[in-house]
Amino acid sequence: MAEDRPTRRYPQNLQGVLQLAVDAGSAAEGPATVEPMSEERKTWLGDALAEVCKGPMDEVEQIKHCLAVLRKEGRSEREREGEEERDEEDEDERESAFELLSELCENLDNARDLMTLGGLELCLSQYLCHAQSGLRWRAAHLIATCAQNMSQVQVHLFSIGALPKLLQLTDSDPHPTVRVKALYAVSCLVREQEAGLQAFLSHDGFSMLMRGMQSDNEKLQTKSAFLLLNLLMSHPETKDTVVSMGMVQQLVSVLRTPHSDFHEHVLGALCCLVEDCPQGLKDCRNPALGLEELLRQLSKELQGKEESQEELDFCERMRVTCFRGQQSDDNGMDR
């Protein structure tokens, strides 16, 4: 009976694990004569178990070490006078700590450990607002790394107010890389996350994406357009909200700027806004917008360019959806 079995005592250290492995191997062989394990075999097994046991512990220790570096108190003004070289060394050390943390936190378990150890609060309270842009963008990148595909971390970041700060950095930080990394973190927080989408809407996130597309930062333009397209495809219920903001007119204005690769995503977003969205379709058909002629010109320019095939497909899809049916209606009215 189960209650007659002796209580099992589990090993509390590596030596105990090694002894347990030895005992288990002996028991599996039944009542046969037990031969003592050779010293070579013991050494090999001990090294193997030590390697297995120390791996995750080493990574947690690395995380703790990095956080200790990032938590160092700054020196006073007097202490900093004449020590520019030392300041640069400190900044390099902190940047290296962020880079190591970002690498470690590609592993979801490590991302969870960083959250538990207070690393995300540190990023938010001390580094997203740091005077050094290299530390601001690395903090945003670390947040993005931890948030992607991990609901627990996303919820935690919402609870400590990360999204408004990231949106602010995306919108107005003077350094282009900070803006791009902050938008990357925003994307990791709001995609495939209903609570994130609602928070994004409440902070007028779609207007921020439009301003990103209208900026002179090519990477920010591309990432803003891509996130807009992604959100419209995965959350079609947002179409009416986006159209009511005048997004159709603004996207068409973007298409009139000198051609860029991100225009493919802009056309894709327009395609979303005219499908199963009557007001979006009406806005695109407004003669004052001149979209039909613009699409005709774009199609002509994109013909024969293999690298622009998807953009051409979006362009033709827009022409068919918006204007081919309209021409048939107009002809019917003439008859």
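1. A salt bridge is taken here as a side-chain nitrogen of Lys or Arg within 4 Å of a carboxyl oxygen of Asp or Glu. By that criterion Arg138 forms a salt bridge with Glu99, with the closest N and O atoms 3.0 Å apart. The two residues sit in distant parts of the chain, 39 residues apart, with Arg138 in helix α7 (residues 133–147) and Glu99 in helix α4 (residues 84–104). Helices (H or I, at least four residues) and strands (E, at least two) are DSSP runs, numbered from the N terminus.

2. On the basis of the model: this is a predicted structure, in which local features need pLDDT of at least 70 and side-chain atom pairs count only at pLDDT 80 or more, while totals for chains, interfaces and linings use all residues. Residues are numbered from 1 along each chain as its sequence is written, and side-chain values use heavy atoms, with hydrogens and water left out.

3. On the overall fold: the protein has 19 helices and 0 strands. Of its 335 residues, 41% count as buried, where buried means under 20% relative accessible area, exposed means over 50%, and partly exposed lies in between (1.4 Å probe, protein chains only). If contact is read as heavy atoms within 4.5 Å, then among contacts between residues at least 6 apart in sequence, 70% join residues at least 24 apart.

4. On the remaining salt bridges: the whole structure holds 11 of them. Returning to the opening pair, Arg138 counts as buried at 12% relative accessibility, whereas Glu99, at 42%, counts as partly exposed; Glu95, Glu99 and Arg138 are linked in a network of salt bridges. The closest N and O atoms of Arg136 and Asp173 are 2.9 Å apart, and both residues are buried.

5. Lys64 forms a salt bridge with Glu61, their closest N and O atoms being 3.9 Å apart. Because they lie 3 residues apart in helix α2 (residues 39–70), Lys64 and Glu61 are separated by about one helical turn. In general, an α-helix has 3.6 residues a turn, so residues three or four places apart point the same way. Lys64 is partly exposed, with a relative accessible area of 41%, and Glu61 is partly exposed as well, at 46%.

6. On the interior: a nonpolar core is a set of buried Ala, Val, Leu, Ile, Met, Phe, Trp, Tyr and Cys residues joined through side-chain atoms within 4.5 Å. The largest such core has 89 residues, and those with the most contacts inside it are Leu166 and Leu251. Helix α10 (residues 176–190) gives the most to this core, with 9 residues. Neighbours within four places in sequence aside, Leu166 is in contact with Leu128, Ala140, Ile143, Ala182, Ala185, Val186 and Leu189.

7. On helix α10 itself: 11 of its 15 residues are buried, so the helix is largely enclosed by the rest of the structure. Its buried residues, among them Val178, Arg179, Ser187 and Cys188, pack against α7, α8 (151–159), α9, α11 (194–202), α12 (205–213) and α13. From first C-alpha to last, α10 reaches 21 Å, close to the 21 Å expected, the expected span being 1.5 Å times one less than the number of residues. Glu192, whose phi is positive, near 60°, follows α10.

8. On helix α13 (residues 218–234): its 17 residues should span 24 Å, and its end C-alpha atoms are 24 Å apart, which agrees. The buried residues of α13 include Gln221, Ser224 and Asn230 as well as Leu220 and Ala225. At the start of the helix, a side-chain oxygen of Asn217 comes to within 3.2 Å of the backbone nitrogen of Lys219.

9. On the cysteines: with a disulfide defined as a pair of cysteine sulfur atoms within 2.5 Å, the count is 0. Cys105 is in no disulfide, the nearest cysteine sulfur being that of Cys146, 3.9 Å away; Cys105 is buried, with a relative accessible area of 0%. Cys322 is likewise in no disulfide, and the nearest cysteine sulfur, that of Cys284, is 4.5 Å away. Cys322 also counts as buried, at 0% relative accessibility.

Notes. A polar contact is a pair of N or O atoms within 3.5 Å; within protein, one must be able to donate a hydrogen and the other to accept it, and residues adjacent in sequence count only if both atoms are side-chain atoms.
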